[in-house]
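Q: Please take a close look at the charged side chains in this structure. Walk me through what they pair with and where they sit.

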Amino acid sequence: HREQLEDKEFDSDEDEDDSDYEPSEDSEEVSDEEDEDEEQKKEFDVEAFNRSKKLWDQCTSKTVIPKTNLDSDSQDAQPASIGSSASRAIARKFDESNEIPLKVKIQADPIASSVSGSNLKPMPAKPRGISASLGKIGEKRKVSILESSRLQWDTFKEETGIQDELEAHNRSKNSYLDKQDFLARTDYKEYMIMRDKRASGGIGQPMSLLLKVCPLISHLSLYDLVKTVGVGADLSHISTPAKVSAHNGPENLQSALEGADVILIPAGIPRKPGMTRDDLFNVNASIVRDLIEGVAEHAPNAIICIISNPVNSTVPIAAQVLKKKGVYDPKRLFGVTTLDLVRASTFIAELKSLDVRAVNCPVVGGHSGITIIPVLSNCKPSVTFEPEEAKRLTERIQNAGTEVVKAKEGSGSATLSMAYAGMRFAHSVLEALNGKEGIIECALVDSDIVPGVSFMATPIMLGKNGLERNCGLPQLNTFEQDLLEHALPELKKNIERAVLLELFLWESMHGMSSFQRVQQWLTYTRQWHLLDAKWQDPELLAKKIAIVLRGMNKPIFHHRADCGDHVIVYNCRHIALRGFDWKRRDYYFDNRYPRGKASIPAFEIHKVDPCRIMFLEVYSALGGVFNLETRRRNIERLHLLADDVLPEHLLKNVSNQLEQVMRVPKRYDEYTAEERRKIPALFDWPKEFTLTEMEEEKTEEEKKPKP
């Protein structure tokens, strides 16, 4: 009935808005019916509002009310409780002004609804206001997973003290370099925390014990950042002649190094499962660098033995630091690779049932992965191995460090065996310092045995000044030669990375401008230079080209380093020789066959190949027979063109143009008329012997051929 009334009202509104509405005959009857409907509607709304209000007050007060029917006011209905087991009640409240219905729904409990209403008790009222707040004080607040993670991360930042570094890293523009530096410092702080827990280095403690019982040592000085005094006090109770002193912190580094003859550096973080020695580079390299700076200042004449991994990179870094300090002596810097010799001897003795004290197998190359090359063919006593047996033994020696790391399940690396190897090498050095001759060990030293590899592990003879003689590579069989060929590129990469890191660390400490960064880029990349050989003496031009091809114009030049650039020489057809050199200058050729020797003049060679003379002069300027290998490598970066037509694939690489060595003369007919007038005259000609500009132009037009 109410919906019908609303529909009628809607229709009446539309009729009122219609301007074309015309009253009908039954309009008076309709208006009477509408008045009656409105009166009934008002009575219904008042009754419904009173019932709804009564239900709502009883619901909010949590009292028992009788179950009511919305269509009747009967009070004889059975009672039902309102609460967890309340019946469903619907109240409609109308706004007196807008007449909009408001529905309030109370969901009944299906379990409690089956229980008799007479047995139910009213639910106590829920505390509100101050009572509710005071009741929550003693309760424990539930923490979500995200909040728990955030709290753990904040606690970690407070414990490690990296909050400032994180903020600086987020604001930085050099994201990649800052990220690498930040990760390295984080690993270093983790290493510091680990070392605080174990009181000293994992290699340093057992090696100190072995050195304490060595009769050749009169004073054993220990240095670490924390808790070294306790280790020193413990060692000092051992009844041996060596005196022990312990030093904590960088402020005591000078007192620890003064007067030292031999310095062993085992500092660094240990390997973990899945890590290689190269993964330790970022952290251990900075540690070794800081210690070597102290050695260069307080003990420049001491023999330095570096044990910190990766040895292939930490030794070149130490060399760079000592060079910058001006105290570098290649005879007094060693990378300790004795552990590889110890492992090789042990594994061979186990495999062949020999006395391990009598086994000696040299190990060359480096001290990580495939760079470890045991020379089984030179083992003493002489033993033979099948090809598969030699391969398995070599792989075990190369991966012995990983074997120990896995066996310790991440709790450490090869510390005890490394301590013994360090003690053995130090004992050999001390014996040589005391005058014993013929001591041969394997170590990573500054070497020129293999061109292009500045540091390599080979058998060496120790003397009073450290390195007395490098014995070079022993005789290798085919299998060992293949191992060496695969190891050399990896060893070169390790050395070059160390040099670049040292340069980056030094520049980061002293600051670097954008101009210096460009200079650094130009230094460590191969540039392409362009040079015009027109009317140039090939002998003088070749000397300049050879400097660029070898990289002698760069600050990182070394005669064994391959750091040269590319040079494109064009117009080789138009080179110039002095005087009668075209006929008198001969080039000697010998093809090593009978009657293969010949001396050919320059003009005959130039007719056959215009670029050949330039090639011969540059090849001669690159060096003699002693630089044969580097010369052949450098000449490959020389590109010769007979004319001035440059290929597109070469021209797109050019970044610089070299200046010619000789001034190119210019013919008179190559000058313009304006340039000719500016040429100073030696004397003034009479007017009758000179032509005006108009006459000169007219003369030039007459000389032109007529069509």
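A: E490 and K493 form a salt bridge, with their closest N and O atoms 3.4 Å apart. This is a predicted model. Both residues sit in helix 16 (residues 478–510), and because they are 3 residues apart there, about one helical turn separates them. K493 is partly exposed, at 49% relative accessibility.

Another pair is D329 and R332. Their side chains meet in a salt bridge at 3.7 Å, N to O. D329 counts as partly exposed because its relative accessible area is 31%, between the 20% and 50% limits.

K325 is partly exposed, with a relative accessible area of 40%.

Some charged residues join in a group. R526, D562, R633 and R637 are linked in a network of salt bridges. In total, the structure holds 23 salt bridges.

Now to K554. This lysine lies in the loop between helix 18 (538–550) and strand 16 (566–570). K554 is buried, with a relative accessible area of 10%. Its side chain reaches the backbone oxygen of C563 at 3.1 Å. A polar atom of that side chain also lies 3.2 Å from the backbone oxygen of T525. Beyond its neighbours within four places in sequence, K554 is in contact with L522, T523, T525, C563 and D565.

Technical notes:
Residues are numbered from 1 along each chain as its sequence is written. This is a predicted model: local features need pLDDT of at least 70, side-chain atom pairs count only at pLDDT 80 or more; totals for chains, interfaces and linings use all residues. Side-chain values use heavy atoms; hydrogens and water are left out. Helices (H or I, at least four residues) and strands (E, at least two) are DSSP runs, numbered from the N terminus. Buried means under 20% relative accessible area, exposed over 50%, partly exposed in between (1.4 Å probe, protein chains only). A polar contact is a pair of N or O atoms within 3.5 Å; within protein, one must be able to donate a hydrogen and the other to accept it, and residues adjacent in sequence count only if both atoms are side-chain atoms. Contact means heavy atoms within 4.5 Å. A salt bridge is a side-chain nitrogen of Lys or Arg within 4 Å of a carboxyl oxygen of Asp or Glu.
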